[in-house]
Amino acid sequence: MQSLELLAPAKNLECGIAAIDHGADAVYIGAQKFGARVAAGNSVDDIRALCRYAHQYGAKVYVTVNTIIYDDELEATRQLIHELADAAVDAILVQDMAVLSLLTLHSSLSFHASTQTDNRTVEKVRWLRSLGFRRVVLARELSVDEIAAIHRDVPDVELEVFVHGALCVSYSGLCYASQYCFGRSANRGACAQVCRMKFDLLDADGHELEHQRHLLSLKDLNQSAHLEELIQAGAVSFKIEGRLKDVAYVKNVVAAYSQRLDAIIAKHPDQYCRASRGHCTYTFTPNLKKTFNRGFTTYFLHGRQPDIFSPDTPKAMGEFVGTVKELRRDSFNVAGTAAFANGDGLCFINDDRELEGFRVNRAQGNRLFPQQMPRHLRAGMALYRNNDMEFERLLSRESSVRKIPVTLRLDATPDGFSLSAEGVTVTIPCEHQQAEKPQRDNIVRQLSKMGGTPYECSGVELPADFNYFIPSSLLADLRRQWVELYGDGSRDSGSRDSVSRASGSRASVPRASVPKYPYPYLYNISNHAAAAFYGVKEPTAFELNTPSFRRGQGEAPIMQCRHCLQYAMGYCVKHGGQRPTYKLPLSLRLGDGRRFRLEFDCKHCQMNVYAE
């Protein structure tokens, strides 16, 4: 049986608990420091509380310690890992190789290679496995065939893949645009999202091919219809992006993917099972279109595809709800079947190709009265809803209950009675009294009162000759004792496991085995411990702005992208496009005049972005 894990983001404790309640098998969360989202930090006490809650269901908690670390931060990192191990977290996500030696001190902790370590080849995954990584988070850009090839070559490594949420245009870990433009390092969790900004596209003669468009802003990933393909390719963990997202987003997206995984398992009950326990009962129907999205793409799942980016806006479009039919002075009506509510947020792309939004003050059927009529709204325009008030109201309340079904068995002991389930037995002393009338109904009723615990009684077994009277108070006491003991046991086990760290504890690795990058800063070596690991004298990270880097500035890319603007414009001859009518090289220009040269590496089907 292959266990399948739905991995959800947790901005905070509330989001983490909501993720578990709505069907997540694991959550990933940031501590106060060293996570790849500066704005999503949490105290160790909150992480400990999340572990206690998750482990009741056999669910796991992973903590992101996946920034690059400076020399003066290594001691604080060591102390954090010690505290996280004490909090019973299940694994640490790592980018900086200096963290490996700190992790080897805690045998209870697994460590996962963050997607920030640029995991896109068989060779890289094989190397990471040699260092002791039990799981690798693959690059978002990989196709299902590339994932399958990695699994065939390195079958003993767990492969974690992103299935939903925002996409970075550059390979993760290899984007330095934010650091270059604003001094905010993506590898330090402070990305300024340069890829969501507007650019002009210029040819070599300075002719403007595109004016102020979001040329590097990708749509959001959505692999909900392709989970079975990813499973067959060898992926075992399915990751939802969104550690900055609110609790409503987490509830809806987790529920949607949990239901899809359950449907796959129902088709193949002898092959797959969920990685945690319990089933969810929802008070709403999950709908991925109703939460934040920039439009959806499957990205490179089946190779290079058109229409993977969103040049008109980096903001949420939401779901299509119809077209504008007829406008009046203070209202308009919509051609379509959607139902509207007061307070809905709607938007449209205006004639200037800009996203324009407004709030519905009053809805009367399909006639809508905005708070203020949008200036650029025209008949025939497509209308989208990016804030569904009725759906938000549903998610603002308790929207899911997760329960673990257990079958209880009651037996007589020489001096009392025992209650057993799931390998846990509790006993209570009690005088045996023969019952004058059948007791089964009362026994079942009393033992089934699981109340606010994570459990539900799916059945009570009694020996065929069981005919004893037991006071209801003693039955309740037995039930409480079993719940307490079983709950403590599940938390202690935490479903954690570890791997051999003999190779991961080494200070360095043979130089021949280290994957090769053409430029030293791409290794993201930001401290002397990592430098020793790689066998180099000094840290070379882009963020350190070393003299050797400054001398080579302009010769090395600040982004490496599988997204290609030539292909998007229909000028990729390799993929059946027409020959370019412009003069290369192309460049991007920000509104402040800064320019970035584009290199089209057709051999590797890659677009590189250079700072001029």
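Hi everyone, and thanks for coming. Two housekeeping points before we look around. Residues are numbered from 1 along each chain as its sequence is written, and side-chain values use heavy atoms, with hydrogens and water left out. Because the model is predicted, local features need pLDDT of at least 70 and side-chain atom pairs count only at pLDDT 80 or more, while totals for chains, interfaces and linings use all residues.

Let's start with the strands. Two strands pair if DSSP finds at least two bridges between them.

How many strands make up the closed barrel? There are six, in the order β15-β16-β19-β18-β17-β20, and their pairing is antiparallel. From one strand to the next, the twist averages 50°. For angles like this, axes are lines fitted to C-alpha atoms, for helices over the stretch in contact, and the angles run from 0 to 180 degrees between N-to-C directions. Zoom in on β16 (residues 332–335) and β19 (residues 367–370): these antiparallel strands are joined by two bridges. Phe 332 has Leu 368 of β19 as its bridge partner.

There is also an open sheet of six strands, ordered β9-β8-β26-β27-β28-β25, again with antiparallel pairing. Its edge strands are β9 (208–213) and β25, each pairing on one side only. Ignoring direction, neighbouring strands here are turned by 20° against each other on average. At one end of that order, β25 and β28 pair over four bridges in the antiparallel sense, and Met 559 has Val 609 in β28 as its bridge partner.

On a 1 Å grid over the protein atoms alone, a cavity is a set of points where a 1.4 Å probe fits but cannot get out; a pocket is an open set with protein on both sides within 12 Å along at least five of seven lines; and lining residues have an atom within 4 Å of a point. Grid points are joined across faces, edges and corners, and a volume is the space filled by probe spheres set on the points.

The second largest pocket holds about 570 Å³ of space. Of its 24 lining residues, Asp 118, Arg 120, Tyr 517, Gln 560 and Gln 606 lie nearest the centre. Elements giving two or more residues to this lining are α5 (122–130), β25 (557–561), β27 (595–601) and β28 (606–611). Which element gives the most? That is β28, with three residues. The lining divides into ten nonpolar, five polar and nine charged residues. In this scheme Ala, Val, Leu, Ile, Met, Phe, Trp, Tyr, Cys and Pro count as nonpolar, Asp, Glu, Lys and Arg as charged, and the others, Gly among them, as polar.

Now the cavities. The whole structure has six of 30 Å³ or more. The largest has a volume of about 190 Å³, and its 21 lining residues include Thr 117, Lys 124, Leu 522, Tyr 523 and Tyr 534 closest to the centre. Helix α5 turns up again here: α5 and α13 (528–534) each supply at least two lining residues. By class, this lining has twelve nonpolar, six polar and three charged residues.

On to a helix pair. Two packed helices are described by the angle between their axes and the distance between the axes. For α1 (residues 13–21) and α2 (residues 44–55), the axes come within 10 Å and cross at roughly 10°. That makes α1 roughly parallel to α2, since angles under 35 degrees count as roughly parallel, over 145 as roughly antiparallel, 65 to 115 as roughly perpendicular and the rest as oblique. Counting contact as heavy atoms within 4.5 Å, Leu 13, Gly 16, Ile 17, Ile 20 and Asp 21 in α1 meet Asp 46, Ala 49, Leu 50, Tyr 53 and Ala 54 in α2. Seven of these are nonpolar, one is polar and two are charged.

Last, two backbone details. The peptide bond from Leu 584 to Pro 585 is cis, with omega near 5°, and Pro 585 lies in the loop between α15 (565–568) and β26 (587–589). Cys 605, in the loop between β27 and β28, is not a glycine, yet has a positive phi of about 50°.
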